[in-house]
Amino acid sequence: MMEAIQNPENKGITIITTHTNADFDAIASMLAAQKLYAGSLVIFPGSQEKSLRNFFIDSMVYLFNMADLKKIDFSNIKRLVLVDTRQAGRIGKLSSVLERDDLDIHIYDHHPPAANDIKGHYEVYRQTGSTVTILAGILQEKDINITPDEATIMCLGIYEDTGSFTFPSTTEDDFKAAAFLLSRGANLNVISNLISREINPKQISLLNDMIQASMKYNINGIEIVVTTISSDTYIHDFAFLVHKMARMENLDAIFAIAQMENKIYLVARSRISEVDVGTIVTPLGGGGHTFAASATIKGKTLAQIEQKLIEVLYDKIKARRMARQLMSSPPIMIGRDISCKEASDILTRYNINALLVTDKTDDKVNLIGYITRQVIEKALYHKLDHVSVGEYMTTEIESVGPDAELLEIQNKIIENKQRILPVIDKSTILGVVTRTDLLNILVRQSQQNYSELSDQPREQVNARTRKIVKFIEERLSKHRIDLLRKIGRVANEIGCGAYVIGGFVRDLLLYRNNEDVDIVIEGDGIAFAKKFAQLVGARVHIYGKFGTAVVIFPDGFKIDVASARMEYYKFPAALPTVEMSSIKLDLFRRDFTINTLAIQLNPERFGTLIDFFAAQKDIKEKAIKVLHNLSLVEDPTRVFRAIRFEQRFGFTIGKLTSGLIENAVKMDFFKRLSGRRVFSELKQILGEENPTPSIVRLNDYGLLKVIHPSLTLNKDLISSLNSVKQVLSWHDLLFLEESYMKWAVYFMVLFRHCEIDVSKEICDQFEIAPKYQEIFCKERFEAERCLYRLEIDHKIKNEELYKELSAFRIELILYMMAVARNERAKKAISFFVTQLRQIKISVSGKDLKEMRLEPGPLYRIILQAVLDAKLNGQLKTKNDELNFVRDYAPRS
């Protein structure tokens, strides 16, 4: 047993303590308090203040009258002095003495009061940048002597908690206290070395992990960063790393959650008044002040704390309610000459209730009024379909600037009975705030419910964003990064936003290679493509109807460029109608959430990952989900892509999406699809590494009948498809450097049961190109007859095998090998591919001429004889071939 520390006068002891995970301010405050309470003992409540304690123990331990908590007899504590905290949950085991009625509690703290604060018999609270500022002031008032070493430690606490006097929480008193301590000999060199200490390689690695794991939330117009990290051991200086990250990334507010051993640690920093981190971490069992706070939590998982934190953030952070945050952009506008019928179609298409009406003069768009759905519907009722909206629009229209506050917006919409309020900056219409927008803002609940009731993406006004520059640098080559940066610079020059989107970004996060670079330009994509192609010395192909272009580099590398656009469908399964739009609307038109990620390329925001539709969450959960319930009605081919992506990535089709697929099959939306579109999707499925699981899934949903009524999945077909995979894998491992159409081999196996007339019907239905029809409707049947001969011929010579197979393209040879019914035929085909097919003769017509043989049909006969002899292993060298010709020629 350790001997308990007793008060020598048996009058009880005074304990000075602070919060767990003590920082420099807490340590300095304990030292200052020790100067006020003679004979007191200083105790650390936790065991993790390693870096701080090592510093003091190694260099200035003599200044502290330290005691080991384990050696303290709690019943002998008569006075408890708390510094830099008033939270019972933050003082460790010492909280057990708080229940005693005879305990005298003194508190010195700079954190704002909270409901669950410890109540002291004597309390000193002031809103300063650090607690030691308060205590230093008391020491100065009482004229208590301070040594230079003591002054250095106290000054260190002020410097740390005020961010070297840069944090918004810094007050005049902090400067005065620092000046006083400097006058008492505080050593700024020691302070500087500790405050601006270099981070070690392990800390650099942890910091990189924190940056990579960071997620950005735009909450009521304020950008919040949340990052998470796990470690089997305690992370020393975690708060320092959080502070370092906030400075490096220039963050307004950061919440870092770390799982260390069996506890969760939360450290928060803010530099804006809208985000009071002290208030935010209090519901999580922590505390702090407006700009710095922390919490230690037991019995919860990292995910639980992150979820709870997000809920609290949405509850506590108040909106910066300015027009630029509230408006919808880009605005939907029409010209004054548009007919009422056309305006009605536009209102329905975009599901809105009012339209801005503009006039264009000298390339300048002028706002001249607005027209509402009610007016349009009345006009149509009175058979005024053809009349222009200019005849019935409202010309008296108020507007606001982008920095207009909510009150101004509210007054202009309500007082003027205006359904739509334009947001205008320097004559440019940036967006609109509608009456519905205002109503939603005014009645919105203070807390958002994050529970997912379905597998649909949440409707988000703002995207989750985070910087992934370092991740990009790790994953992509320098050449590819330079190319992306160049794209961003060119877009900047023409005043456009540039993004790399879709599969490229998805596969980047999945650590898969993808050389298909798709660029979306917020603006004129064709103008960008022309300028960029000129800059890099590339060619450009333009498709004006769709606002797209392809930039082709001299080495053949291609970049697809598109203007940000919105697609709508005039009827189920129709091809989309395309219009200019913003990046969000462009991404919303895509098939699945996992394909809606974008990375901004403009220099000032290069490497910013943008996620409007919770794509990262679905990638993490390995889920395939559509963006809205009518997605498969608009484009049923997305069903095939859902299955293809599911099998390629090892994901699962979401429950709601699966139900929508079943509904699409039930409603037979596929009958409107052209055969060419179905074939295009089937071709991509068959081109996958292993298409068999996708074929099985198509059958599960009843989609094989959509491809063709004769298609039936059975054990023989599955066996044949698996055999194709084995044969293709074997062929690829030969490294023959020959390209072939993988999908074509699978396609022939899929329809192997079909006779010539049905095969032709299928080719016509799918609108297959004539060159492929030749393969499927003619050459396939010739190959099957050849295979039949090989299967029954037990002793075929090499020359005969060569003659049988050399006429067929490689796809047909691989097809025959896959469907061969016996091993002998497979081995014969394998022997042809690996040996016979490569054999070439060395003699030529020139050699025959030099041997004074008369040119003519004889040459072909002789050369064929030489090849046959070489195929049968009779000839090895060119001399062998020449001698063979000499012996063979007279007999010819």
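Buried here means under 20% relative accessible area, exposed means over 50%, and partly exposed is in between, with a 1.4 Å probe and protein chains only. By that cut-off, buried residues make up 51% of the 892 residues in the chain.

Some ground rules. This is a predicted model, in which local features need pLDDT of at least 70 and side-chain atom pairs count only at pLDDT 80 or more, while totals for chains, interfaces and linings use all residues. Residues are numbered from 1 along each chain as its sequence is written, and side-chain values use heavy atoms, with hydrogens and water left out.

Overall form next. The chain has 37 helices and 28 strands; these are DSSP runs numbered from the N terminus, helices being H or I with at least four residues and strands being E with at least two. The radius of gyration is 38 Å, well over the 29 Å that the globule rule gives for 892 residues, so the chain is more spread out than a compact globule. That radius is taken over C-alpha atoms, and the rule is 2.2 Å times the number of residues to the power 0.38. Along the principal axes, the C-alpha atoms fill a box of roughly 130 × 85 × 50 Å. Of the contacts with a separation of 6 or more, 67% are between residues 24 or more positions apart, where contact means heavy atoms within 4.5 Å.

H7, residues 201-213, has 13 residues and reaches 18 Å from first C-alpha to last, close to the 18 Å expected at 1.5 Å a residue. The expected span is 1.5 Å times one less than the number of residues. Its buried residues are Gln203, Leu206, Leu207, Met210, Ile211 and Gln212. They pack against strands S7 (222-231), S8 (253-260) and S17 (464-467), and against helices H8 (238-248) and H16 (469-475).

H25, residues 675-686, has 12 residues, which should span 16 Å, and its end C-alpha atoms are 16 Å apart. Among its buried residues are Val678, Phe679, Leu682 and Ile685. The buried residues of H25 pack against H23 (638-649), H26 (692-700), H27 (704-707), H29 and H30.

A search of the whole structure finds 4 cavities of 30 Å³ or more. A cavity is a set of points on a 1 Å grid over the protein atoms alone where a 1.4 Å probe fits but cannot get out, and lining residues have an atom within 4 Å of a point. Which residues line the largest cavity? They are Phe747, Met748, Phe751, Ser759, Ile762, Cys763, Phe776 and Arg780. Helices H29 (742-750), H30 (756-765) and H31 (770-792) each give two or more residues to that lining, and H30 gives the most, with 3. The space in the largest cavity is about 50 Å³, a volume being the space filled by probe spheres set on the points.

Finally, two single residues. Leu309 lies in helix H10, residues 302-316, and is buried at 0% relative accessibility. Leaving out residues up to four places away in sequence, Leu309 touches Val226, Phe255, Ile257, Leu266, Ile280 and Leu284. Val226 is 83 residues from Leu309 along the chain, with 9.0 Å between their C-alpha atoms.

Asp868 is in helix H36, residues 857-871. Is Asp868 buried or exposed? Asp868 is buried, with a relative accessible area of 11%. Neighbours within four places aside, Asp868 is in contact with Glu799 and Lys803.

Note on methods. 1 Å grid on protein atoms, 1.4 Å probe; cavity = no way out; pocket = protein on both sides within 12 Å on 5 of 7 lines; lining within 4 Å.
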